[in-house]
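Below are some notes on side-chain contacts and backbone angles, written for a colleague who will check them against the coordinates. Please read them next to the model.

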Amino acid sequence: MAQFDMREPPAEAATPRQASLNAQAREIAEQFSAASISQVLLVGGVRLLDAAIVIGAGLGAHEYAFPGSPAIAWPYLAAMTASVVLLAIFAQAADAYHVVAFRSLGGQVGRLLGAWTLVFAGFAVIGAFFDFGGMVARNWLGFWFVFGAGGFIFSRACLVVMVQRWARDGRLGRKAVIVGGGEPAADLIRALESTPGNDVNICGVFDDRSNDRSPAIVAGYPKLGNIAELVEFGRLAKIDLLIVTIPVSAKGRVAEILKTLWVLPVDIRLSAHTDKLRFRPRAYSYLGAIPMVELAEKPIQNWDFVAKRAFDLIVGTLALIFLAPLMIGAAIAIKLDTKGPVFFRQKRYGFNNEVISIFKFRSMKHEMADPDAKVVVTKGDPRVTRVGRFIRKTSIDELPQLFNVLKGELSLVGPRPHAVNAHTSQRLWNDVVDGYFARHKVKPGVTGWAQINGWRGEIDDNEKLRKRVDHDLYYIENWSILFDAVILAKTPFALTKSENAY
């Protein structure tokens, strides 16, 4: 298969500033603007909820059967632990964890209660062969079964309501755009719609070709614009999946399209169901039975996203507590040094190119503040206060961004959020480095791989910006929780190198 270099887009690659959506595309994008519900996380969350119900029902039954009992004996704990495992096995065998089943109460409750009954039937069979000498009371087993069944019915009733609402809003499943029109796109759409259990919601079609070569309506879906406009649409609609229907034999055109779209935090796949070229089976992934070739993968998704968010919350909270005395001292010093507020807010680019407001300690004279970052801070800048020079060199001014971390706008580790108007020599940074916005495929961070490698502070030439972006892309492609921990551990040592921090 042709190899596509996703890290070096051509100079003519479109940036989000170069395209504006037509009215129809913008209306559809706003319709799909709510974030999708990951089916992987949904099913995993339901499994965890079921385990919690099993344990909670067992504890509640013990309290009901033995009021005032000081502790639970180990046989009861062993029975509850075994039941969690058995329920997971039996419920999976009964197809109780399929998203399709979550849409109706009767089917899923019947499957789950059947699995719950089999757990107790298993206990009965084991008890028939082994004499456990009444290690657990029979009345506790009865209460446990009833409480558990009640918990399952209630939880599934709530789940049905939520899933049906998500389905109506188009959030249940992956929001997809078809790239490339004509008959190949129509064939793909019909194949997707005929696939049982398909979780792909098609939002529309984008194609560079005119209507005489690519119809305005493809299998009932409108052509919403060209490839450059798709970048803006993908961000507004929070698209999850781009499916390219252009034959892989047209590798030049495919490569140009990819180098425009790679800045989006989405999965990109090449449809192979009508392509004459055939690859080894391992080269394919599948949407139902439809073969796809994976071209790009959305970074940090599903359980990786949960792990990173948990890491941010736990470590961020501990860091805020540990650094509170330093932050209080910095706030007092700023207040005593010059008049004006302690904190400063600035617009920065966040995840998926969304604009966020980040917190910083004020390091400039209040009357000379530059919230739009129109003028780059340079060495000896008269706008910077005495305290400001110190907190900028040591990055203490960045510590209030821990509040942005807890709010979910930033991560502890990631590409640093640049100012919306950041520029070098009167050129905006997204015009200096092709593919610049690809660094926004993940949530920005308080610290990052570029910063601990010396690429922090003033950017006064294009090469410094390219190095920073290269390091940011390396981080995105190689992310792991361990990588985050290593970067955090190295950050205090990197702060001692402050040649470019003014």
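The points below cover aromatic pairs, salt bridges and backbone angles.

1. Basis. This is a predicted model, in which local features need pLDDT of at least 70 and side-chain atom pairs count only at pLDDT 80 or more, while totals for chains, interfaces and linings use all residues. Residues are numbered from 1 along each chain as its sequence is written, and side-chain values use heavy atoms, with hydrogens and water left out.

2. Aromatic pairs. A pair of aromatic rings is described by the distance of the centres and the angle of the planes. Rings of Phe, Tyr and Trp (for Trp, its six-membered ring) pair if their centres lie within 6.5 Å; planes under 30 degrees apart count as stacked, over 60 as edge-to-face and the rest as tilted. By this rule there are 21 aromatic pairs. One of them joins tryptophan 140 and tryptophan 144: the ring centres are 4.7 Å apart and the planes stand at 25°, so this pair is stacked. Phenylalanine 143 and phenylalanine 147 are also stacked, because their planes are at 20° with the centres 6.3 Å apart.

3. Helix 5. Helices (H or I, at least four residues) and strands (E, at least two) are DSSP runs, numbered from the N terminus. Tryptophan 140 and tryptophan 144 are four residues apart in helix 5 (residues 138-168), which means about one helical turn between them. The spacing of phenylalanine 143 and phenylalanine 147 in helix 5 is likewise four residues, or about one helical turn.

4. Buried means under 20% relative accessible area, exposed over 50%, and partly exposed in between (1.4 Å probe, protein chains only). Tryptophan 140 and tryptophan 144 are buried. Phenylalanine 143 is partly exposed at 27% relative accessibility, and phenylalanine 147 is partly exposed at 34%.

5. Aromatic cluster. Trp140 and Trp144 belong to one aromatic cluster, whose members also include Phe66, Tyr76, Trp116, Phe120, Phe123, Phe145 and Phe152.

6. Salt bridges at aspartate 207. A salt bridge is a side-chain nitrogen of Lys or Arg within 4 Å of a carboxyl oxygen of Asp or Glu; the whole structure has 13. Aspartate 207 is buried, at 3% relative accessible area. It bridges to arginine 209, with the closest N and O atoms 2.9 Å apart, and to arginine 253, at 3.1 Å from N to O. Aspartate 207 lies in the loop between strand 2 (200-206) and strand 3 (217-218) and arginine 253 in helix 8 (residues 251-261), so the latter bridge ties together parts 46 residues apart in sequence. Arginine 209 is partly exposed at 21%, as is arginine 253 at 31%.

7. Salt bridges at arginine 416. Which residue forms a salt bridge with arginine 416? The partner is glutamate 398, with the closest N and O atoms 2.9 Å apart. Both residues are buried. Lys360, Asp397, Glu398 and Arg416 are linked in a network of salt bridges.

8. Positive phi. Most residues other than glycine have a negative phi. Lysine 238 has a positive phi near 50°; this residue lies in the loop between helix 7 (227-237) and strand 5 (241-244) and is partly exposed at 28%. Asparagine 352 has a positive phi of about 60°. Asparagine 352 sits in the loop between strand 9 (343-349) and strand 10 (355-361) and is buried, with a relative accessible area of 6%.
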